[in-house]
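Here is a short report for a reader who is meeting this structure for the first time. Please look over the sequence and the model before reading on.

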Amino acid sequence: MTHQPEQRNPSQQAVPVKPSRPGLIRARLQRGLTQEQAAEQIGVSLCTWARWERGTQSVRPVYRKRLMERWDAEPGVVERWLQLTACAKPLSGCDPQVDIAAEEAGPAESMPYVCDMETARQLWRLEMDPSRRHLLAALPFMPSLLSDWLLSWAYDAPATTGSGGVPTEQTIRQVGAADVARVREARQAFSQMDHQFGAGLVRPAVTDFLDSQLSAMLAGTYSNDTRAELLSAASSMTQLAGWMAYDLGHHGQAQRHYGQALNLAKTADDQLIAAYVLAALAQQACDLGHGRWALRLASAAGEAGRQADAPPKVTALLMLRQARAEAVTAQTADQRGAHARRQVGLLLSRAERHFSQGPSDRDPFWSAAFGQAELAAEAGYCWQRVGEHRKAADLAEQALAGFGTSYARSTQFNRVHAAQAYLDLGDLDHALDLATPAIPAAKELTSARAVAHIRDFADRLTPHAHQAAVRDFNEMLHDSLAS
C-alpha cells in the first residue's frame with residue numbers, strides 16, 4: 001500500500017497530537033549526521049528514515065540490529081531511541097533541536113514547494129511562541145546541515161507545481177503584485193533600522209511580520225508569476241531574520257532561517273537571491289572558524305551569481321564574500337597562505353572593477369545598502385586578515401568617512417577594524433583614539449557582534465596593559481558594558 005501524506009483539516013481548531021521518535025532524532029544529531037547520511041549508514045532510503053523519525057513506520061529487527069552495530073549502542077539504548085512519544089504541533093514540549101529536525105524532515109511524499117513553504121511557516125510560528133523562542137535561539141550551528149543544502153541547491157530541480165499555498169486555518173486571500181511590493185518595502189525598512197540600531201531592536205518586528213503577514217500570503221492564492229515573486233521576497237525577508245539572529249550571536253537560529261531562505265529561493269527558481277543567501281552563510285562560516293565551509297559556500301554563491309547573470313553591483317558583493325573566505329582561511333607562513341593572499345588581491349581587484357560599472361536597472365532591491373563605503377570596509381577587513389595592515393587601515397578610515405549616521409553599526413565595526421590595523425602597525429595612540437568612541441556605540445547598539453568586536457580589540461591590548469592609556473581604555477570599557 002502506498003503511504004499517503006496526512007490530510008490536514010483547515011477548519012480544525014484543536015492542536016493535533018502526533019507520535020514521533022525524539023530519541024532517534026537526538027541520537028542522529030549527536031553524531032552530526034543529516035537524515036540522508038544516517039539512512040545511508042543503516043542501509044535504508046531517506047523516506048524510510050524520515051518515517052522512522054516521525055513515528056509513522058515501524059523499525060524492523062534487522063535495522064534495530066544495524067543501529068546497535070553501526071552506532072555502537074546497547075540493545076536497551078536502541079529501544080529507548082525507538083520509543084514513540086506524543087508531540088503536539090506546533091513544536092511544543094520537546095527538545096528544540098529535536099523538534100526542528102523533525103519539522104525539517106517534512107512529509108517525504110509531499111510536493112517539494114509545499115513542504116518548503118510549510119516548513120518555513122512552522123519556523124516562523126516557533127519564533128512567536130514565547131515558551132520556545134529562547135530555545136530556538138540556543139540552537140548550535142551545525143556544519144553537517146550545509147552539505148545537504150548545497151547538494152539540493154546545485155542538483156534538485158525547482159518545483160513546478162501551480163499557484164496556491166498550503167491549507168491554513170486563516171482566511172484564504174488573493175495575493176497580487178501590490179502584496180509582493182509591500183513585502184519588499186517592509187524588508188527595506190527593517191534592513192535600514194537594523195543598520196542604524198542593531199538587530200535586537202528590530203528583529204521582533206521582522207519575525208512578527210513573517211508569522212502574521214507573510215505566512216498568510218504564502219497560504220493564499222496567486223498566479224504563477226506572482227508566486228515566483230512572492231517566494232523570492234519571502235526568501236529575502238527570511239534571510240534578513242537569519243542575518244539579525246547572526247548579529248545577536250544566535251548562530252543555530254540564524255542557520256535555520258538561512259536554510260529556509262535557500263529553500264524558498266530554490267522553489268522560486270531565483271538564483272540571484274540564492275546567491276545572496278549562500279553569501280550570508282559563507283560570512284557566518286567565516287566568523288565561526290569553519291574555513292572550508294566558508295570557501296565552499298562563497299564559491300557556490302559566486303556560481304549562483306554567474307548562472308543568474310548577476311548585475312555588476314551584486315557580482316562585486318559576491319566577490320567580496322569569496323575574498324573574505326580566502327582571507328579568513330589564509331595562514332601567513334605557508335604556501336596555502338601565500339596563495340590565499342594572491343587570491344584575495346585578485347578578488348578584491350575584480351570586485352572594485354565590477355562595482356565601478358555603477359548601478360543597473362537589474363539591481364535587486366535587497367542590494368540597495370551596498371555602496372562604496374561597504375566595499376572599502378570589506379576590502380579593508382580582508383587585507384587585515386592577510387597581514388596587509390597599512391592597506392587595511394587606509395580602507396577602514398575611507399569606509400568611516402563614507403558611512404553616515406544611518407549606518408551606526410558599520411561605523412562602529414570600522415572604527416574597531418581601523419584601530420586593530422594601527423595597533424598591528426605599532427601606533428598604539430592612534431589605535432586607542434579610533435577605538436575609544438566605539439565603546440559607547442557598542443553599548444547603544446543592540447548587537448552582540450558590536451560588543452564582541454570591541455572586546456576582541458581590548459584582548460589585543462594585553463601586551464600593553466601596563467600603559468596608563470590602555471588601563472583607562474579598559475576601565476571605560478568595563479564601566480560602559482557593565483552599566
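The model is a predicted one.

## A pair of helices

Start with helix H12 and helix H13. H12 spans residues 224-247, and H13 spans residues 251-268. Two packed helices are described by the angle between their axes and the distance between the axes. For H12 and H13, the angle is about 165 degrees, and the axes lie 8 Å apart. Angles over 145 degrees count as roughly antiparallel. H12 and H13 are therefore roughly antiparallel to each other. Their crossing is left-handed. The residues of this contact comprise 13 nonpolar, 10 polar and one charged.

Helix H12 also holds Ala241. Is Ala241 buried or exposed? Ala241 has a relative accessible area of 0%, so this residue is buried. Pro204 sits 37 residues away from Ala241 along the chain. The C-alpha atoms of Ala241 and Pro204 are 9.2 Å apart.

## Salt bridges

How many salt bridges does the structure hold? The count is 15.

| Pair | N to O distance |
|---|---|
| Asp179 and Arg182 | 3.3 Å |
| Arg306 and Glu303 | 3.1 Å |
| Arg324 and Glu378 | 3.3 Å |

Take Asp179 and Arg182. Both belong to helix H10, residues 177-197. They are three residues apart, so about one helical turn separates them. Asp179 is buried, because its relative accessibility is 11%. Arg182 has a relative accessible area of 33%, which makes it partly exposed.

Next come Arg306 and Glu303. Helix H15, residues 291-307, contains both. Here too the spacing is three residues, about one turn of the helix. Arg306 is exposed, with 53% relative accessibility. Glu303 is partly exposed, with 30%.

Arg324 and Glu378 are both buried. They also belong to a network of salt bridges, which links Asp287, Arg321, Arg324, Glu374 and Glu378.

## Aromatic rings

Now the rings. A pair of aromatic rings is described by the distance of the centres and the angle of the planes. The whole structure has 10 aromatic pairs. One of them joins Tyr276 and Trp366. Their ring centres are 4.1 Å apart and their planes meet at 15 degrees, so the pair is stacked. Planes under 30 degrees apart count that way. This pair links distant parts of the chain, 90 residues apart. Tyr276 is in helix H14, residues 271-287. Trp366 is in the loop between helix H17 (335-355) and H18. Tyr276 is buried at 15% relative accessibility. Trp366 is buried at 7%.

Phe355 and Phe370 pair in another way. Their ring centres are 5.4 Å apart and their planes lie at 75 degrees, so the pair is edge-to-face. Phe355 belongs to helix H17, and Phe370 to the loop between H17 and H18. They are 15 residues apart, and the pair links distant parts of the chain. Phe355 and Phe370 are both buried.

Which residues do ring pairs link into a cluster? They are Trp49, Trp52, Tyr63, Trp71 and Trp81.

## Positive phi in two loops

Most residues other than glycine have a negative phi, and most peptide bonds are trans. Asp72 has a positive phi, near 50 degrees. This residue lies in the loop between helix H4 (61-70) and helix H5 (75-81). Asp72 is exposed, because its relative accessibility is 73%.

Asp309 also has a positive phi, near 50 degrees. Where is Asp309 placed? Asp309 is in the loop between H15 and H16. Its relative accessibility is 52%, so Asp309 counts as exposed.

Definitions and conventions: Residues numbered from 1 in each chain as written. Predicted model: local features only at pLDDT ≥ 70, side-chain atom pairs only at ≥ 80, totals over all residues. Heavy atoms only, no water. Axes fitted to C-alpha atoms, helices over the stretch in contact; angles between N-to-C directions. Helix = DSSP H or I, 4+ residues; strand = E, 2+ residues; numbered from the N terminus. Parallel < 35°, antiparallel > 145°, perpendicular 65-115°, else oblique. Left-handed = near helix turned anticlockwise from the far one by under 90°. Nonpolar A, V, L, I, M, F, W, Y, C, P; charged D, E, K, R; others polar. Salt bridge = Lys/Arg side-chain N within 4 Å of Asp/Glu carboxyl O. Buried < 20%, exposed > 50% of the residue type's maximum accessible area, 1.4 Å probe, protein only. Phe/Tyr/Trp six-rings, centres within 6.5 Å; stacked < 30°, edge-to-face > 60°.
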